[in-house]
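Work through the exercises below with the sequence and the model open. Try each task before you read its solution.

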Amino acid sequence: MRRGWFLPIAAALGFAFLYAPIVSLVIFSFNESKLVTVWSGFSTKWYAELFKDPQLLGAAWLSLQIAAVSATMALVLGTLAAVALVRFRRFKGRTLFSGMVSAPLVMPDVITGLSLLLLFVAMESLLGWPQGRGMLTIIIAHATFCTAYVCVVVQSRLSDFDRSLEEAAMDLGASPIRTFFDVTLPIIAPALVSGWLLGFTLSLDDLVIASFVSGPGSSTLPMVIFSKVKLGVSPDVNALATIIIGIVALGVLGATILQLRARPKKARP
Amino acid sequence: MAKKPQLAIDTRPWRDPAAKPFVRIKNVTKKFGDTIAVHDVSLDIYKSELFCLLGGSGSGKSTLLRMLAGFEQPTSGTIEIDGQDMTQVPPYNRPINMMFQSYALFPHMNVEQNIAYGLKRDHMPKGEISDRVAELLALVKLQDYGKRKPHQLSGGQRQRVALARALAKRPKLLLLDEPLGALDKKLREETQFELVKIQESLGVTFIVVTHDQEEAMTLATRIGVMNQGEIAMIGEPTDIYEFPNSRFVAGFIGSANMVEGVVTEDEPDHVRIRSAELGCDIYVGHGVDCAPDQLLWWAIRPEKMHLSREKPEGLNGANVTRGIVEDIAYLGDMSVYQVVLDSGKHIRVSQTNSVRGNPDAITWDEPVFVTWGDNAGSVLTV
Amino acid sequence: MTTAHEPTIPPPRRLRPWNAVERRLAKVGISGRVLVLLAPALWLLVFFLIPLAVVFGISLTTKQFGRPPYSPLLTTEGGTVQLTLHLNNYIRLFTDNLYVAAYLSSIRIAAIATIITLLIGYPMAYAIARSPDRWRNILLMLVILPFFTSFLLRVYALTGFMRGNGVINQFLGLFGMPPLVMMQTDFAVYVGIVYTYLPFMILPLYTTLVKLDTSLFEASADLGARPLRTFLSVTLPLSLPGIIAGSMLVFIPAIGEFVIPSLLGGPETLMIGRVLWDEFFTNTNWPRAAAVAMAMLVVVVVPIMLLQRAQSTMVEK
């Protein structure tokens with residue numbers, strides 16, 4: 001097909017649109033002036049400022065803990081759900097189950113947050129658990145919606161999976177559990193890693209759900225950022241954003257390189 | 001059916017009614033929901049056989065193989081191996097190994113690890129494992145490839161690793177699902193003979209599933225032709241080709257001319273069939289289990305017929321008809337003539353090109369006579 | 001060959017520990033299968049489905065002071081259990097102009113933003129799908145990368161871009177043009193939605209477009225269709241599942257969006273997610289917030305079903 005100019009230009013403009021705001025944010029994080037928009041010289045003082053803010057550091061630590069735990073829980077639950085959906089062709093309530101797994105993906109955050117908060121309040125008055133709200137309730141909430149994402153990622157890997165590999169292992173004398181650990185797990189491992197990373201970043205990023213289900217004294221990083229941002233643009237938020245974007249970019253880049261290397265090369269002639 | 005020649009000393013256990021089968025499949029049926037994949041199949045396979053299950057896609061051959069391996073449970077019927085009922089035994093406890101159509105080599109393990117996998121599951125001592133792996137690598141001529149990963153191998157090499165892995169545990173029975181299906185034609189022909197050699201030297205019983213009739217003919221001691229979940233015929237390759245038991249088998253294996261006819265003479269030593277399609281009578285030199293006036297079919301291979309310009313002397317006033325050469329396919333060693341008979345029926349006759357550049361060869365649009373011997377064709381009632 | 005029977009099958013092997021565990025579980029009727037299914041099913045039941053039911057229940061109560069700040073659904077008085085349902089929250093939803101306007105404006109903003117996203121995302125997805133193999137993965141990664149960076153920070157980056165003295169206006173100033181007022185307008189909300197949800201549009205579009213066989217375009221051109229005609233009669237219909245899936249992935253969350261209207265929109269930018277938030281956090285009217293959520297759920301149910309259908313056709317292909 002003849003290639004026109006339209007597509008490349010449209011794509012280039014689209015990518016410019018996606019990246020220009022981020023790039024300007026990164027540039028202005030190194031600005032000397034407190035005025036975020038007027039360039040007045042290179043400086044890293046806002047980064048230093050960042051590490052003097054105990055509230056910010058505390059929130060960041062809390063968010064990292066929550067993200068790690070909820071991503072791990074979501075990894076287990078999402079993988080099990082994916083196995084059930086891909087491997088068990090027919091079972092009672094399959095439609096309901098697959099609906100429950102995929103609905104959190106698109107459910108507006110405000111609904112998810114409100115519903116979980118109301119559940120926790122009702123449970124507390126009925127069962128006395130969970131007592132108050134804080135880290136635990138945020139973890140539960142994040143694990144729930146991250147499960148859906150992990151499930152999607154693992155599901156697509158599992159449906160590409162050649163079942164005869166597992167049959168071959170069993171044929172050679174491995175029990176089903178042995179087969180799972182020797183063959184299935186190593187092969188779907190890349191999907192598990194990316195599922196976990198996805199859950200981790202989504203949890204780290206969530207503002208709305210955490211705002212509903214957190215309690216006093218358990219403000220996550222996005223909650224702190226949001227309250228700062230509402231007051232206007234501030235250079236230390238720029239610095240914080242640059243750090244987060246840098247870490248994520250490195251992570252995604254690393255994961256992509258890993259995946260490209262792990263991909264089977266073409267067979268030799 | 002014609003009498004088969006009997007050898008003085010028969011090494012073929014399936015011809016000995018007292019021989020004990022190694023694998024005994026009894027009345028096995030497998031349903032998936034409402035569809036019947038395998039229907040009431042009974043089959044005996046003997047030690048050291050190389051048995052081919054031959055059939056088109058959806059004929060149930062793969063399902064039967066998977067039931068032998070234990071990946072599918074028969075809906076009814078039993079499978080015995082060496083006298084033991086295997087129906088309830090899970091695949092990992094069966095003394096059977098399988099070579100998969102996709103080879104199913106573990107992509108995250110190298111060649112040695114793949115071959116050693118089954119041995120490790122048996123808790124074989126480390127030293128013995130490495131000896132066995134080396135021995136198998138030598139058997140499949142891949143000594144220098146032990147540390148390679150499957151994706152670094154060619155198709156033919158992968159196929160040999162899969163074979164080595166399946167043989168590693170010294171199974172008494174090896175199942176092979178389209179073992180040569182993924183190889184190109186030339187490699188396939190070479191590998192066929194290698195496979196037979198390995199099978200004979202190890203004395204392992206092989207059950208091979210294939211859709212390729214040439215492959216089945218080359219490899220097999222016996223062939224089971226499958227059609228729509230049932231066994232259509234079991235026999236040695238020559239039986240299947242020369243003495244098909246049904247129109248399906250005659251048409252499925254090789255090419256055959258098939259005509260309809262009516263029995264006009266039914267004697268113990270011969271029958272005569274009148275065929276309007278053929279435009280003549282067919283004289284069959286042996287008795288056939290049939291009734292007078294019965295409608296039946298007669299099948300004949302193209303190479304069992306002969307073409308001539310002059311009418312040959314009548315063979316009991318039958319077995320000769322006339323037609324016009326409509327088309328010729330020159331294949332080098334032989335030519336296949338398409339002859340249209342007076343009835344409009346087309347038949348194919350192949351003639352060996354024994355004379356080089358024969359200027360006198362029968363050519364397009366020539367009127368010709370087609371003849372055949374008393375026992376050249378098969379009378380089929382189903 | 002001998003026909004004598006020789007024992008060739010080894011005696012049953014020593015049971016491995018795993019096998020023993022499996023057997024013990026199987027004895028009480030628990031197979032691995034049931035365990036695999038049960039854990040996620042129970043979790044999602046308790047923390048996804050039941051919460052929605054709780055929201056519905058509380059939407060039928062009324063605000064009161066105390067903890068929790070809503071009237072009980074069930075009261076026991078002298079041995080009789082009494083169920084009290086308040087419909088006033090729903091009645092208010094339909095009679096109070098604020099709510100009706102908020103719903104309508106949410107749907108309008110989400111729909112317009114979805115169409116803009118589609119118009120920007122389609123050429124990008126198409127360009128990526130038609131790009132040479134070695135470029136494709138890099139371009140895809142560039143699309144996914146912002147998706148991994150913080151949503152909140154990306155919205156924040158936009159504020160720096162569109163403010164009165166932001167990057168755009170400084171750029172315009174270079175040419176002597178007057179600054180534009182962009183922040184705190186509906187326009188900023190559109191930009192925000194398009195900007196943050198663009199990857200959600202591109203990915204499903206790319207998935208359908210990349211699977212299209214190039215010989216289809218060649219066949220169409222061969223049969224005499226001009227490029228535009230080919231696009232309209234071949235490419236567009238075949239990429240419809242991707243269009244629907246991408247649009248719904250933008251539309252559904254955009255309806256309930258809270259961060260974008262509250263950071264980029266003005267005080268008059270009405271969106272239902274923001275109304276719910278204020279109802280809950282500012283007015284602490286939990287029952288009203290619950291009713292708003294139920295009504296929002298009704299609005300997104302149809303798009304969710306559309307999405308599911310589009311996704312299943314994409315999987316089949």
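Two residues are in contact if their C-beta atoms, placed from the backbone, lie within 7 Å. Domain bounds come from an automatic or database domain assignment. This is a predicted model: local features need pLDDT of at least 70, side-chain atom pairs count only at pLDDT 80 or more, and totals for chains, interfaces and linings use all residues. Residues are numbered from 1 along each chain as its sequence is written, and chains are lettered from A and ligands numbered from 1 in the order in which they are written.

**Exercise 1. The two domains of chain C**

Task: Find the domains of chain C and describe how they touch.

Solution: 
- Step 1. Take the bounds: domain 1 is 20-83 and domain 2 is 88-316.
- Step 2. Take the centres over C-alpha atoms: they are 34 Å apart.
- Step 3. Count the contact: nine residues of domain 1 of chain C meet 11 residues of domain 2 of chain C.
- Step 4. Sort the domain 1 side by class: five nonpolar, three polar and one charged. Here Ala, Val, Leu, Ile, Met, Phe, Trp, Tyr, Cys and Pro count as nonpolar, Asp, Glu, Lys and Arg as charged, and the others, Gly among them, as polar.
- Step 5. Compare with the record: UniProt places "domain: ABC transmembrane type-1" (unreviewed entry) at residues 103-307 of chain C. UniProt positions are given in the numbering used here, feature names are shortened, and annotations may be inferred rather than shown by experiment.
- Step 6. Read the secondary structure of residues 103-307 of chain C: 80% helix and 0% strand, with end C-alpha atoms 21 Å apart. Helices (H or I, at least four residues) and strands (E, at least two) are DSSP runs, numbered from the N terminus.

**Exercise 2. Chain A and its partner**

Task: How many helices and strands does chain A have, and which helix gives the most to the side that touches chain C?

Solution: 
- Step 1. Count the elements: chain A has 11 helices and zero strands.
- Step 2. Take the extent: along its principal axes the C-alpha trace of chain A spans about 70 × 65 × 35 Å.
- Step 3. Look up the record: the UniProt annotation "transmembrane region" (unreviewed entry) includes residues 7-30 and 59-85 of chain A.
- Step 4. Check both spans. Residues 7-30 of chain A are 92% helix and 0% strand, with end C-alpha atoms 35 Å apart. Residues 59-85 of chain A are 100% helix and 0% strand, with end C-alpha atoms 37 Å apart.
- Step 5. Turn to the interface: 64 residues of chain A and 76 residues of chain C make the contact. Among the helices that each supply at least two residues of the chain A side are α1 (6-28), α3 (54-87) and α11 (235-262).
- Step 6. Name the main contributor: α1(A) gives the most, with 12 residues.
- Step 7. Sort the chain A side: 51 nonpolar, 10 polar and three charged residues.

**Exercise 3. Two helix pairs**

Solution: 
- Step 1. Axes are lines fitted to C-alpha atoms, for helices over the stretch in contact, and angles run from 0 to 180 degrees between N-to-C directions. Angles under 35 degrees count as roughly parallel, over 145 as roughly antiparallel, 65 to 115 as roughly perpendicular and the rest as oblique. A crossing is left-handed if the near helix is turned anticlockwise from the far one by less than a right angle, and right-handed if clockwise.
- Step 2. Take chain A. Helix α7 (residues 163-171) of chain A packs on α8(A) at about 125°, with the axes 9 Å apart. The two are therefore oblique to each other. The crossing of α7(A) and α8(A) is right-handed.
- Step 3. Take chain C. The axes of α6 (residues 151-162) and α8 (residues 186-211) of chain C come within 10 Å and cross at roughly 135°. So α6(C) and α8(C) are oblique too. Their crossing is right-handed.
- Step 4. List the chain C contact: F151(C), R154(C), V155(C), L158(C) and M162(C) of α6(C) face A188(C), V191(C), G192(C), Y195(C) and T196(C) of α8(C). By class, these are seven nonpolar, two polar and one charged.
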